[in-house]
Amino acid sequence: MFWIELAIVLAIIFLGVRKGGTFLAFAGGIGMLIMTFVLHVKPSDPPITVILIMIAVICAASTMQACGGLDFLVMIAEKILRKNPKMITVLAPIVSYVFTFMCGTGHIVYSLLPVINEISIDTGVRPERPISASIVSSQQAITACPISAATVAILAFMAESPYTGVNIFTLLFVCIPATLIGTVAAALAVIKKGKELADDPEFQRRVASGQIEDTTKKRKEVKEVTKEAKTSVAIFIIAMVGIVLLGAVKALVPSLPDGSKLPLTTVIEIFMLVAAAVMVLVTKLDSNKVLDQPVFRTGMFAVILAFGLCWLVNTFIGDQASFITDHMSALTNQYPWIYILAVFIVGAITTSQSSTTMIMVPIGIALGLPANIIVAGWIACSSNYFIPASGQCVAALAFDSAGTTTIGKFVINHSYMIPGLVCTIVSVVVAMLLGAVIF
């Protein structure tokens, strides 16, 4: 029965990925129909805690975007990059990492790509270098951001598991340095990649045909920053810091009548909703605008994934928990790289850290793997560069006006492969080592 149920789950994931979009979530309902009506499997509960935290975080991030907070952060990034143009290959990935860390979404890199491309060409740096590393780093930062959908998901799963040593503080203490080191390694891996811009034939062809605009003489438009934008960013940061502080200092967490402490998952939900409410009140924002923000739309996609697809995965794991423990845990504990590789493959196929987290972390917990292996494997979920079909990978090709960022005829021989693999391998290894000490 295990292999039949596994085949159903894999078939649903494959069908969902092939069809694309929200169908990946809807397909979970098809799987649940087969599991319950045909195989008579007892359904598990949907991941309600994960869903509620996601909704709260999405509300706060979307409200900040509606207030102009994300635009304000992009302006700061542009100033940093323009002040240090010669360091663009190393600095751009780090800035992209920091801004994803701040906002909880890798989609902010879309706003940075035109700036990175322009500065690279102005300074004679091959745009492929900073752009490819920035795409990778902006995705890797999702596994270090305390409010990203993927982080929220793993924290919720760990909170309901025996892994009491994994909380928001210890998780960040492992993931932030691991992914930052991976980001720097990725940047250094491409610092001399490809021909110099002046010697690149495609760039020269575009210059000769007039496709490359001389931006050095173009007057830079100075955008006005509103008070509301700055205020929303400040409120968002205060809420983030408060969550991490309460996760680190248990004495600050309120005690309940039964003597237990308020769960950190509930703290995240409260703080994020309060942050959104305070932004609306202080900036006098029309809250209906929140529903129209890109962050809201992409975030809600992760929510319905948690409902549809992860409900199916949880049902499968719940029904086959004993088989997984008895037959597979010994193998994965002896060869933990099998689990890490599996996470990497699922991340490459789904191109979504949140969906990969909700599929693979419960499996890691069911296998009884050490906490450092589960977390290190989780970091490998940012593998959506391997098959360059994600929105970020495709968008970067268009933003590189010099034509240096490319996808080869064999598909996997693309600009993101070297920085991506270096970033993943280094981040995973560092996380395994740090996790072995901290967890």
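Helices, in the sense used here, are DSSP runs of at least four residues, numbered from the N terminus. In this predicted model, the residue N384 sits in the loop that runs between helix 18 (371-379) and helix 19 (391-399).

**N384 and its surroundings**
- N384 counts as buried, because its relative accessibility is 3%, which falls under the 20% limit for that class.
- The side chain of N384 is joined to the side chain of Q139 by a polar contact of 3.1 Å.
- Leaving aside residues up to four places away in sequence, N384 touches Q139, G347, A348, T351, Q353, S390 and C393.

- L331, Y335, W337, L341, I345 and I349 together make a nonpolar surface patch of about 580 Å².
- Helix 16 (residues 337-350) supplies the largest share of this nonpolar patch, namely four residues.
- W337, which is found in helix 16, is exposed, with a relative accessible area of 52%.

**Cysteines without disulfides**
- Zero disulfides are found when the whole structure is searched.
- C67 is buried at a relative accessible area of 8%, and its sulfur has its closest cysteine sulfur in C59, at 13 Å, so the two are too far apart for a bond.
- C175 is also buried, with 0% relative accessibility, and the closest cysteine sulfur to its own lies in C381 at 9.6 Å, which is too far for a bond, because a disulfide needs the two sulfur atoms within 2.5 Å.

Methods:
Residues numbered from 1 in each chain as written. Predicted model: local features only at pLDDT ≥ 70, side-chain atom pairs only at ≥ 80, totals over all residues. Heavy atoms only, no water. Helix = DSSP H or I, 4+ residues; strand = E, 2+ residues; numbered from the N terminus. Buried < 20%, exposed > 50% of the residue type's maximum accessible area, 1.4 Å probe, protein only. Polar contact = N/O pair within 3.5 Å; in protein donor to acceptor, adjacent residues only side chain to side chain. Contact = heavy atoms within 4.5 Å. Patch = residues over 30% accessible without salt bridge, like charges linked within 9 Å, V, L, I, M, F, W, Y side chains within 5 Å. Areas by Shrake-Rupley, 256 points an atom, 1.4 Å probe, with all protein chains shown as cover. Salt bridge = Lys/Arg side-chain N within 4 Å of Asp/Glu carboxyl O.
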